[in-house]
Amino acid sequence: GSVAYDQYLGTAALTQMIYDFGKTPTQVSIAPLNLAASRSDLDATRAQTILAVKQAYFGLLKAQRNLDVAKETVGQYEQHLEQAKGFFEVGVKPKFDVTKAEVDLSNAQLNLITADNALKIARVTLNNAMGLSNAPEYRIEDSLAFIKKVLTLTQAIETSMGNRPEILATDRRVKAAEENIALAKKGFFPVISGNAAYSRASINDATFRQDGWNAGVSISFPIFSGFLTYHQVKEADANYSAAKANYDLLKLNIVLEVQQAYLNMIAAADKIPTSELAQRQATENLEIANGRYTAGVGNPIEVTDAQVTYTNAKTTYTQALYDYNVAIANLDKSMGIK
């Protein structure tokens, strides 16, 4: 009759690549390049965020100064209205002066409302740039000043080539694409592997047991893959050419960006002395007009014109300082300065 028995078989195998003609080392060298490129991308995003915060910061300072000017203007027109009423009551000036002063004051109060709203919007903009949409009330230091930046255009361009994170990221991607060409070409070469195995067989609870070992070396050679490797090399070549073209285009765009930022800085710097002089002249002109009216020899139109000129001059000077500081921020960003 038949005899029943139990049979057990267990096998453990190990395969180890011995040599693949540099495929694995090339893959290892590509990974750090891609990691570095990604980190440079993060630096570029940070730089853009910093620029947005700087612009919003200076925008808030400008809005605060404009609000101060608007408040000052309202105060000037209130004082002028009181003078006009006093002159009218004693019969020195006509009713026209009072009416004109009231109209001027109303317009100044409307401008004050607009300036106050602009300040609120500027604060919201800064909070958003900082990622603090629900930020509590705070005060910021007024640093809207003219500090001349001494720098040549050549120095600015050279600095940007060494500092811009976009340059660093693209350069690393070019190197990675070049390594990918070498990796694709290695697809033409074989892979040498070593293998070893251990097996154990037993029958009827180890009444019969047999152990076995075997080891060897195998070579896997790509005889024919439908020209896959050939086309992978072509693809890697094309990717490298595209990466190199992107790198060259990026450098041209950065040079253009630096040039524009530099010229904007120069133009903004040139406007500040002129606007500052205009502010001093407007202040003196307003003092003269107010003095003449207080002495009873001036007229309300002269005072209004002087006040408008004074307000515009102070606003223009503030705008010039804002433009210059924002131009510096843009130039720093274009040069990759943190």
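Helices are DSSP runs of H or I with at least four residues, strands are runs of E with at least two, and both are numbered from the N terminus. The model described here is predicted, so local features are reported only at pLDDT of at least 70 and side-chain atom pairs only at pLDDT 80 or more, while totals for chains, interfaces and linings use all residues. Residues are numbered from 1 along each chain as its sequence is written, and side-chain values use heavy atoms, with hydrogens and water left out.

Relative accessible area is classed as buried under 20%, exposed over 50% and partly exposed in between, using a 1.4 Å probe and protein chains only. On this scale K100 is buried at 19%, and D104 is buried at 8%. Just after α2, G131 has a positive phi of about 75 degrees.

The structure holds 13 salt bridges. Side chains of opposite charge can pair when their charged atoms come close. E257 is partly exposed at 26% relative accessibility, whereas R164 is buried at 3%. E257 also forms a salt bridge with K333, where the closest N and O atoms are 3.6 Å apart. Here too distant parts of the chain are linked, with K333 in helix α6 and E257 in helix α5, 76 residues apart. K333 has a relative accessible area of 13% and is buried. A network of salt bridges links R164, E166, E257 and K333.

A pair of aromatic rings is described by the distance of the centres and the angle of the planes. Rings of Phe, Tyr and Trp (its six-membered ring) are paired if their centres lie within 6.5 Å; planes under 30 degrees apart are stacked, those over 60 are edge-to-face and the rest are tilted. Four aromatic pairs are found in the whole structure. In one of them, Y57 and F58 have ring centres 5.4 Å apart and planes at 65 degrees, so the pair is edge-to-face. Y57 is partly exposed at 21% relative accessibility, and F58 is buried at 10%. F87 and Y293 also form an edge-to-face pair, with 5.5 Å from centre to centre and 70 degrees between the planes. F87 lies in helix α1 and Y293 in helix α5, so this pair ties together parts that are 206 residues apart in sequence. F87 is buried at 17% relative accessible area, and Y293 is buried at 0%.

Pockets were located on a 1 Å grid over the protein atoms alone: a pocket is an open set of points with protein on both sides within 12 Å along at least five of seven lines, and lining residues have an atom within 4 Å of a point. Grid points are joined across faces, edges and corners, and a volume is the space filled by probe spheres set on the points. The largest pocket holds about 340 Å³ of space. Its lining comprises 20 residues, of which A70, T73, N111, T311 and T315 lie nearest the centre. Helices α1 (23–89), α2 (95–130) and α6 (300–335) each supply at least two residues of this lining. For the classes of lining residues, Ala, Val, Leu, Ile, Met, Phe, Trp, Tyr, Cys and Pro count as nonpolar, Asp, Glu, Lys and Arg as charged, and the others, Gly among them, as polar. The lining of the largest pocket has eight nonpolar, ten polar and two charged residues.

The second largest pocket has a volume of about 240 Å³. It is lined by 15 residues, and D43, A47, G336, I337 and K338 lie nearest its centre. Two or more residues of this lining come from each of α1, α4 (165–185) and α6. Helix α1 gives the most, with six residues. By class, the lining of the second largest pocket divides into seven nonpolar, two polar and six charged residues.

Methods:
On a 1 Å grid over the protein atoms alone, a cavity is a set of points where a 1.4 Å probe fits but cannot get out, and a pocket is an open set with protein on both sides within 12 Å along at least five of seven lines; lining residues have an atom within 4 Å of a point. A salt bridge is a side-chain nitrogen of Lys or Arg within 4 Å of a carboxyl oxygen of Asp or Glu.
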